[in-house]
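The sequence and structure come first.

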Amino acid sequence: MGKEITEKLVIMAADNEQTEDGKDLLETIGTTPIISKQYDPSCMISYATGLIVILKLMGLKKEQQGAVSILQHLIIGAECVDKGVIAEVGSSVITPFDDGPTLVALARISFHMLLSKGHPSDTRVAFAIRAGLIELCLSFIQYHSERNVPLLFKHTENILIVVNKVSLHQKSAKAIRSKRSKLMDLLCLAPNTNYAECNKLLEMARYILDTNRSYCCRCNKPLDKMDVNECNGCHRLIYCSRACQKEDWSNGHKLTCCKTYTIELVGQFQGRVLPEEVPSDVREAAKLEELEMNITKIQLKLFLDNSETILNQASSLNIPLFDCVVKFDLRECPATVTVENFNEEFHTLTPGLKKSFEHSRSKENITCIYCSHYISSDDGDLIMQRLFPHEWIITATKNAKLEQEKERRILMEKQYEEKKKEWDEKMEKAKAEYLKR
Amino acid sequence: MLNFLKRCEDETFDKVISDVGGNLKTPTTWLKVIESAVINDDCEEEKIVQNIGPLVRCMCNDTTRLFFKSNKHWTEAIPIFAELILHMIGFCNNVDTLFLHHEGLLSTIVQWGFWESHRPDIAMELKAEDCTKVIHWEKKLLKS
């Protein structure tokens with residue numbers, strides 16, 4: 001009996017959703033515990049969670065659309081999202097017999113429950129991933145490949161975009177790593193479809209899992225949790241072996257290890273964060289630090305994976321490679337790469353950044369900027385950029401130059417030999433004619 | 001009728017009925033009369049909304065479950081009280097005021113839907129016919 005009345009109330013409140021009163025009423029209904037406090041003070045199941053549990057028990061059928069619409073009002077309209085809602089939605093199991101529009105609504109709910117005040121929330125995404133959100137997305141993809149539901153594709157894409165935005169953040173990165181092997185198995189089992197859309201979503205899921213793997217900061221070898229050798233000084237860089245660690249140490253890490261970024265250290269410091277000031281709040285600073293560390297673990301892989309694009313774009317700009325800045329936008333899924341001319345695009349930057357660039361340039365390093373989301377509790381959604389000089393390019397370019405030089409010499413020697421031979425033959429001919437005379 | 005119902009918190013039904021006079025054995029009939037007043041008479045609606053406080057407080061307390069100091073009266077009255085609220089939502093122009101002024105009413109309404117699964121103690125006490133009604137309403141809602 002209560003459900004009928006509650007449904008009426010939700011619909012009435014939803015009509016006034018734009019007003020404070022309507023929103024308050026929706027919020028109160030959605031967050032009310034389903035058992036009275038006097039009976040069980042520890043009950044944490046909210047009305048929204050209880051409704052999802054009932055929905056799941058009854059199956060995601062067409063008849064349930066009324067209940068699904070109430071859920072949409074509560075979760076999307078009034079943000080009645082708690083751990084229970086995320087856990088129950090994330091652990092939903094989809095069958096081929098489920099109703100398409102109901103699934104679209106569920107996907108829409110799944111997307112909105114990941115947002116807090118309109119921004120992707122690391123905590124929510126991490127919790128949802130642990131509950132089974134990526135598996136749910138794979139089920140949506142599977143359903144879409146069989147039934148072709150465009151709206152389901154759109155919402156699933158939105159979910160993956162939100163997950164990607166915070167996938168390198170503290171909690172989400174850990175959650176993805178903890179489920180990585182299981183999800184990779186599921187992705188391997190995912191059938192090939194003729195729908196380009198489905199393949200695109202599967203690629204997005206693969207990319208998210210790939211970027212959340214640890215790679216050796218020296219040789220880019222993928223590392224399992226047990227194989228990681230962390231730098232004991234800064235705990236920021238990881239290596240596959242002692243040899244790689246030693247090589248990196250002597251190659252410049254000894255200058256930066258354990259040092260905090262200061263303007264004086266620009267250039268020596270491998271990487272820096274924008275906005276320049278690290279947040280004063282300890283928790284915020286730790287969040288930023290973790291994000292930066294996670295970017296460190298994948299930056300070499302990103303660079304190597306996109307090296308061909310980078311070289312092509314640089315050659316089309318027709319400027320020396322070391323005048324370029326490679327910009328990776330990690331907010332995109334997969335990350336986009338743009339090569340830009342530092343002097344044209346970044347001339348307005350702070351002196352510190354310019355100094356950093358000049359330092360990289362003087363050492364024939366290529367400068368990279370990694371743009372990522374940084375969600376601050378004070379300022380909301382900010383862009384975090386990390387500047388990093390990639391030294392590997394020196395070796396690669398130097399080796400390439402040496403190879404070119406070697407080839408040139410061989411060619412010259414060859415030409416010289418041929419000319420000498422020709423000259424010798426001519427001489428022989430002339431000598432023979434002279435003797436004949 | 002509302003004046004008598006106002007005494008439901010502190011007095012027993014026998015004492016109240018002795019003051020009123022009549023042969024009623026249960027206060028549910030009064031609730032039914034109020035329900036029909038809500039349906040048929042717009043003028044009464046305002047009065048009922050304003051004076052229903054003690055009744056709401058009694059019916060919302062599902063742990064002590066006392067209505068006219070009797071658990072039995074409370075159990076009998078619950079389905080009619082639910083119907084009364086349902087009608088009030090349908091007919092009342094001032095629903096927000098009604099629900100915001102009566103503390104605990106909104107939570108109780110939300111919790112009614114989960115009694116069958118989470119409050120076996122109440123579900124057991126409710127009459128078999130009322131339980132069937134609850135299940136019927138749940139199914140109706142899900143179909144809608």
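The crossing of α4(A) and α6(A) is left-handed, a term for a near helix turned anticlockwise from the far one by less than a right angle, right-handed being clockwise. The model is predicted: local features need pLDDT of at least 70, side-chain atom pairs count only at pLDDT 80 or more, and totals for chains, interfaces and linings use all residues. Residues are numbered from 1 along each chain as its sequence is written, while chains are lettered from A and ligands numbered from 1 in the order in which they are written.

**Helix pair**
- Helix α4 (residues 65-77) of chain A packs against helix α6 (residues 100-112) of chain A at an angle of about 15 degrees, and their axes are 10 Å apart.
- This angle makes α4(A) roughly parallel to α6(A) (angles under 35 degrees count as roughly parallel, over 145 as roughly antiparallel, 65 to 115 as roughly perpendicular and the rest as oblique).
- From α4(A), residues including A:Val68, A:Leu71 and A:Ile75 meet residues of α6(A), among them A:Ala105 and A:Ile109.

**A:Phe140**
- A:Phe140 is part of helix α8 (residues 133-147) of chain A.
- A:Phe140 counts as buried because it has 27 C-beta neighbours inside 10 Å (20 or more is buried, 12 or fewer exposed, in between partly exposed; C-beta atoms are placed from the backbone).
- A:Thr95 is 45 residues from A:Phe140 in sequence and 9.6 Å away in space, C-alpha to C-alpha.

**Domains**
- Chain A comprises domain 1 (2-213), domain 2 (214-258) and domain 3 (271-390), with bounds from an automatic or database domain assignment.

Definitions and conventions. Axes fitted to C-alpha atoms, helices over the stretch in contact; angles between N-to-C directions. Helix = DSSP H or I, 4+ residues; strand = E, 2+ residues; numbered from the N terminus. Contact = placed C-beta atoms within 7 Å.
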